[in-house]
Amino acid sequence: MAQAAAVAKPPAPPRRRRASATPRRLPYLLIAPAALLMLGFIAYPVLSVFYYSLQNYNPTKPWRNGYAGFDNFVQAFTKDPQFWHTLTFSAKWVVVEVGLQLLFGLALALIVNQTFVGRALGRALVFSPWAVSGVLTSAIWVLLYNSQTGITRYLADMGIGSYGTSWLSDTSTVFPAAVVADLWRGVPFFAILILADLQSVSKDLYEAAEVDGASRLKQFWHITLPHLKDAIVLSTLLRAVWEFNNVDLLYTLTGGGPAGETTTLPLYIANTSVDAHNFGYASALTTVAFVILLFFSMVYLRLSKFGSEDK
């Protein structure tokens with residue numbers, strides 16, 4: 001008995017508990033409600049647009065509703081000159097706006113990146129228009145362009161132009177007037193993104209370039225611009241999509257006029273659906289716009305080599 005007690009069996013090793021899968025799945029379970037909610041709000045409208053693009057759907061003419069196949073798309077490309085006019089103007093609007101906003105935004109970012117007295121106030125003034133909503137921006141510029149109390153009235157008082165001139169009602173001046181109004185709000189967007197990227201450029205690169213005798217222009221071309229490549233590509237892509245879909249400013253400023261001169265494709269879609277109640281045809285136009293933007297984004301990112309190490 002004593003020997004048996006002395007030679008005791010070693011205690012059995014503790015059993016390894018199987019790791020529970022719940023901790024690994026917990027993050028996904030926590031974000032699942034929000035993800036499902038966002039999916040519902042995004043997927044349902046998109047699928048609805050694709051569905052109605054193949055339908056004749058006009059609530060005011062229910063006897064004509066039904067499956068249309070690709071008739072809406074055929075009408076857009078072959079029987080609707082307004083579609084091509086608005087698409088052409090949309091492309092013109094995007095190219096002019098994004099190009100000028102990038103140019104002025106880059107210039108402002110380079111200026112406020114320098115050290116000077118009152119730089120914080122200067123940055124605040126430069127960035128403040130971006131905090132103003134599109135509708136409020138339109139209201140401000142409608143007042144500025146008012147023929148009785150706006151800019152043209154004061155210019156007429158100085159002998160420049162005539163009284164009662166309305167830049168928004170003249171086909172020769174409405175486009176530049178709308179461009180200036182949108183520039184006021186769009187330029188700070190580029191200035192903010194470019195300035196943020198400028199902060200990460202090492203000062204040592206500029207000091208080494210100065211030692212080598214490089215001019216300011218060469219420093220900008222060989223140091224600053226390559227470093228800003230990805231920021232410029234991303235900001236121009238985002239702004240191009242937003243400008244293409246711009247409705248609030250042009251609708252408030254001109255309503256697409258005069259004589260349809262400033263009607264973009266999204267504004268034409270809005271008028272077709274809301275005013276004409278032709279939701280089937282408007283859905284087809286929306287699908288075309290979606291495909292155009294998707295194709296443009298893919299080609300632009302591919303050609304610009306966004307995210308590549310070669311700058």
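In which helix is the place of Phe41? Phe41 has its place in helix H2, and the views below begin with the whole predicted model before they turn to that residue and to other sites. The model is predicted, so local features are reported only at pLDDT of at least 70 and side-chain atom pairs only at pLDDT 80 or more, whereas totals for chains, interfaces and linings use all residues. Residues are numbered from 1 along each chain as its sequence is written, and side-chain values use heavy atoms, with hydrogens and water left out.

**Figure 1. Overall view of the protein, with 14 helices and two strands.** Helices (H or I, at least four residues) and strands (E, at least two) are DSSP runs, numbered from the N terminus. The radius of gyration, taken over C-alpha atoms, is set against a globule rule of 2.2 Å times the number of residues to the power 0.38. For this protein the radius is 29 Å, well over the 19 Å that the rule gives for 311 residues, so the protein is more spread out than a compact globule. The C-alpha trace spans about 125 × 75 × 35 Å along its principal axes. Of the 311 residues, 35% count as buried, where buried means under 20% relative accessible area, exposed over 50%, and partly exposed in between (1.4 Å probe, protein chains only).

**Figure 2. Close-up of the nonpolar surface patch that includes Phe41.** The patch covers about 1100 Å² and is made by Leu37, Met38, Phe41, Ile42, Val46, Leu47, Phe50, Phe290, Val291, Leu294 and Met298. Helix H2 (22-52) and helix H14 (279-304) are the elements that give two or more residues to it, and the largest share, seven residues, comes from H2. Phe41 counts as exposed because its relative accessibility is 62%. Patches of this kind join nonpolar side chains (Val, Leu, Ile, Met, Phe, Trp, Tyr) within 5 Å, and like charges within 9 Å, among residues with over 30% relative accessible area and no salt bridge. Accessible areas come from the Shrake-Rupley method with a 1.4 Å probe, and for residues only the protein chains shown count as cover.

**Figure 3. Close-up of the two salt bridges in the structure.** A salt bridge is a side-chain nitrogen of Lys or Arg within 4 Å of a carboxyl oxygen of Asp or Glu. In helix H7 (residues 151-157), Asp157 and Arg153 are four residues apart and thus separated by about one helical turn, and their side chains meet at 3.7 Å, N to O. Asp157 is partly exposed, with a relative accessible area of 44%, and Arg153 is partly exposed as well, at 35%. In helix H11 (residues 229-244), Arg239 and Glu243 are likewise four residues apart, about one helical turn, and their side chains meet at 3.0 Å, N to O. Arg239 is buried, with a relative accessible area of 4%, and Glu243 counts as buried at 1% relative accessibility.
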